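Hi everyone, thanks for making time this morning. Let me put the model up, and then we can walk through it together.

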Amino acid sequence: MKLALYKYDTCPFCQRVLREIQSQGRTDIEMHDTMKNADDQLYLMEHGGMNQVPCLFIDGKPLYESMDIIDWLRNHPQS
């Protein structure tokens, strides 16, 4: 399963998701910063349909909303 998180560092909702990732010790998620990389921002718009972070792409499908992402991560632990 391919996981990619689109975020930026000053977003409080992104920080909430990042704390969850850290607390789980996950290493299976690619990180993409939309404020530091224009290509990441463009990908988010083209494939996610909006410029909202955090967005977790799960095998190419976007999942928005920090609590939904956290719930998904808790229900799908790293194997």
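With that, L18 touches L5, K7 and M31, leaving aside residues up to four places away in sequence.

Now the housekeeping. This is a predicted model, so local features need pLDDT of at least 70 and side-chain atom pairs count only at pLDDT 80 or more, while totals for chains, interfaces and linings use all residues. Residues are numbered from 1 along each chain as its sequence is written, and side-chain values use heavy atoms, with hydrogens and water left out.

Buried means under 20% relative accessible area, exposed over 50%, and partly exposed in between, with a 1.4 Å probe and protein chains only.

Let's begin with helix α3, residues 66-75. Which of its residues are buried? They are S66, I69, I70, W72 and L73. These cover an arc of only 160° around the axis, which puts them on the same side of α3; the arc is that of the directions from the helix axis to the C-beta atoms. On the face turned away from that buried side sit the exposed residues R74 and N75. The cover over the buried residues of α3 includes β1 (3-7), α1 (12-24), β2 (29-33), β3 (55-58) and β4 (61-64).

That brings us to the cores. A nonpolar core here is a set of buried Ala, Val, Leu, Ile, Met, Phe, Trp, Tyr and Cys residues joined through side-chain atoms within 4.5 Å. The largest one has twelve residues, including L3, L18, I29, L56 and W72. Two or more residues come from each of β1, α1, β3 and α3, and α3 gives the most, with four. There is also a second, separate core of nine residues, with C11, C14, L44 and Y64 among them.

Strands pair if DSSP finds at least two bridges between them. β3 and β4 pair in the antiparallel sense over four bridges, and Y64 in β4 is the bridge partner of C55. The two strands form a hairpin with two residues between them, and D59 in the turn has a positive phi of about 50°.

At 2% relative accessibility, P54 counts as buried. Its contacts, again without residues up to four places away in sequence, include Y6, F13, V17, Y64 and I69.

Last topic: the aromatics. Rings of Phe, Tyr and Trp (its six-membered ring) pair if their centres lie within 6.5 Å; planes under 30 degrees apart count as stacked, over 60 as edge-to-face and the rest as tilted. The structure holds three such pairs. Y6 and Y43 are stacked, at 5.5 Å centre to centre and 10° between the planes. Y6 lies in strand β1 and Y43 in helix α2, so this pair ties together parts 37 residues apart in sequence. Is Y43 buried or partly exposed? Partly exposed, at 31% relative accessibility, whereas Y6 is buried at 4%. The rings of Y43 and F57 have centres 5.4 Å apart and planes at 70°, so that pair is edge-to-face. F57 is buried too, with a relative accessible area of 3%.

Technical notes. Contact = heavy atoms within 4.5 Å.
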